[in-house]
Amino acid sequence: MARVQSPARSRPSTYPGWFFLPAAIIYGVLFLLPTFASLYFSLTRWTLFNSTFIGLDNFAQFFREPFLIKGLINTVIYAVVSSGLKVVLGLLLAVLLTSQIAARGYLRSVVFFPVLVSTVGVGITFTVLMHPTQGMINEGLAMLGIKGPGWLVDPNLALISVALVDVWKGVGLATVIYIAGIVAIPQDYYEAARIDGSTPWQSFIYVTLPLCRPATVTVITLSFIGGLRTFDLIWAMTRGGPGFASDTIASVIYKQYQAGFYGLSTAGNVVLFVLIGVLVVPLTMLLNRKEGHE
Amino acid sequence: MAGLELKALHKTYGQVPVIKGVDLSVSHGEFVVFVGPSGCGKSTLLRMIAGLEDITSGELWIGDRLCNAVEPRDRGIAMVFQSYALYPHMTVYDNVGFGLKLARTDKAERDRKIRDAARILQMEHLLDRKPSQLSGGQRQRVAIGRAIVRQPEVFLFDEPLSNLDAALRVDMRMELAKLHQDLGSTMIYVTHDQVEAMTLADKIVVLNGGVVQQVGAPIDLYQRPANLFVAGFIGSPKMNFAEVSVQSINGGMVTVASKDISAVTVAADTKSLKVGDRLTLGVRPHHLSMDASGTLVGGVSLVERLGNETNVSLRLPSGATWLVVLDGDHNLRPAQALQLAIDAEKVVLFDAAGQSLLAAM
Ligand SMILES: Nc1ncnc2c1ncn2[C@@H]1O[C@H](COP(=O)(O)OP(=O)(O)O)[C@@H](O)[C@H]1O
Ligand SMILES: [Mg+2]
């Protein structure tokens, strides 16, 4: 009989080994197969119906793309800005929404609502709102006597503008994760701190912040990976423009794919996959480092 | 020097009254135990003293200050929680020193106080550990250490031993008693365990349903319970009760009997009694002894032989079951008939309202 458990733990498994077969088949067909297929196709010149093996040429060409470096830098900026803001805003909103404020349940739904809306819909809506002259945002600013910037048409601002919309849409999920983390902190800790003379701010620094660290790790990891892979919002709002000012790896890949360079764009995907691994694995190791003592 | 004075304290949650008028005075250095069944409001009362719950009405005096609206940190109290509430991300050293750090105590001073507390509690070797690396008893020590460094006038404990196993609980109980002797501070201790209350307290406050039932020294509560509730709650094993009726009254002595008890004559407050009144007789299991001329007869239903004493469940003719603790070892068989004498000097009579009819001393 096949032994599925690792030798280190010789405790017999509760379920027979073949129980995991259905999941394994689905996982294999829908995930492993495409992954290895794309690894193979990234090494070919591929025109949907036939492919010829060309070794690492696709990768060589991908890295010769004139705007690739710009795309790589943009991707990292986008991921850092959007995940950083989601952590800070998500935590602040969660603290607010777990305190004794009026209409707490209602406000929680309001914050979570954007998560449920289609990304492309959000993108299109904000493109309209961010129109430099007729958009509601700049009209609102004009009423306050401020001349709003060209959110999506200014090459220096376009990427950040999209990242801000990403934060607007994604902060609800971060907030929900933080709320779950905060309500799991026993009330005793706050009471003990209060008797020790802790101010609300000190309780936040010494109790809430360290004890919701698992939530922080989850939010950073999820939103950072999401930021690195971002495509739909960029595509809906700027198509990588103006020029190539807001191109990310994913949008570069998509443009190559649209142009019919399937092998090349598959190679780009492999590069993105490796990039995510190279950035996220050390990050999570760093974030989880101290938790062994818990 | 800080005693406490509680005057007509009330607490309601929404419409629900939980503490219904508690008056109590605690003098400096006293070890006071709040005891009562689960949900009777012990923790609520303690938390009102700590400042973690608002006082709905009444006055709380700590020392000579009215503390109703004083912040917890300024009340001169320290509290040990049932869960210990040790911060999992801090070492024992930092846990103990947390309050001092918040108070911006000078670093050398802080270090000295933390090490002093650790020495008193014999946990110097634990200072660098995290709470997860400690046993239950060690965590308990750290929690007490955190209270000690604050040098409070009043220590508050909320069921601090209930998460420990039985043997450790006995050890920690003795250490707490010793700590109280050494520090000489006022201590208020909440427990639902009457044995803890009896062994630790200078003064026990029995609570039920948010109302103080009786306040007194442990032995007074045991010997002279004010009502049926206290009589049933204090003492282990529990007091036996029987419905009796008054046969005759002779000065300060009243003779009562029931279906199970042929007659027993008890000293009592007989002023309001008359022949035929229905009363409740309370007899502790230890106050029964085997006697061929005894007034109580029953059949043995269960025997526990502990060597030094024998616990017997006795089935009485009326169908009631009484518990009897006999000195020494007795090899009794189930269904065996047993004749017992009641030590009439130690029994208590209760009137129909459940108030005890103890003769004035
Ligand atoms: N925050 C609260 N809101 C409403 N009722 C409460 C609250 N805290 C305690 N109670 C009620 O007050 C009563 C006394 O509680 P507590 O003081 O914790 O009892 P004890 O410590 O004696 O077991 C209980 O009936 C409990 O349900
Ligand atoms: Mg309690």
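Reader: Why is B:Glu109 called partly exposed?

Author: B:Glu109 has 30% relative accessibility. Buried means under 20% relative accessible area and exposed means over 50%, with partly exposed in between (1.4 Å probe, protein chains only). The 30% of B:Glu109 falls in between, so partly exposed is the word. One caution: this is a predicted model, where local features need pLDDT of at least 70 and side-chain atom pairs pLDDT 80 or more, while totals for chains, interfaces and linings use all residues. Residues are numbered from 1 along each chain as its sequence is written, chains are lettered from A and ligands numbered from 1 in the order written, and side-chain values use heavy atoms, leaving out hydrogens and water.

Reader: What makes B:Arg112 and B:Glu109 a salt bridge?

Author: The term asks for a side-chain nitrogen of Lys or Arg within 4 Å of a carboxyl oxygen of Asp or Glu. The closest N and O atoms of B:Arg112 and B:Glu109 are 3.5 Å apart, so the pair qualifies. Both sit in helix α3 (residues 107-120) of chain B, three residues apart, or about one turn of the helix. B:Glu109 and B:Arg112 also belong to a network of salt bridges with B:Lys113, B:Asp116 and B:Arg119.

Reader: What makes B:Lys271 exposed?

Author: Its relative accessible area is 73%, and that is over the cut-off, so B:Lys271 counts as exposed. B:Lys271 has a salt bridge too, with B:Asp269 (3.2 Å, N to O). B:Asp269 is partly exposed, at 27%.

Reader: How do you know that A:Asp196 and B:Arg150 form a salt bridge?

Author: Their closest N and O atoms are 3.6 Å apart, which is within the limit, so the pair counts. This one crosses between chains, from the loop between α8 and α9 of chain A to the loop between α4 (136-148) and β7 (154-158) of chain B. Across that interface the rule finds two salt bridges.

Reader: How do you know that chain A and chain B touch?

Author: Contact means heavy atoms within 4.5 Å, and by that rule 17 residues of chain A are in contact with 27 residues of chain B. The two chains bury about 2,100 Å² between them, 58% of it on carbon and sulfur atoms. Buried area is the accessible area (1.4 Å probe) that two parts lose on being put together, summed over both.

Conventions
Helix = DSSP H or I, 4+ residues; strand = E, 2+ residues; numbered from the N terminus.
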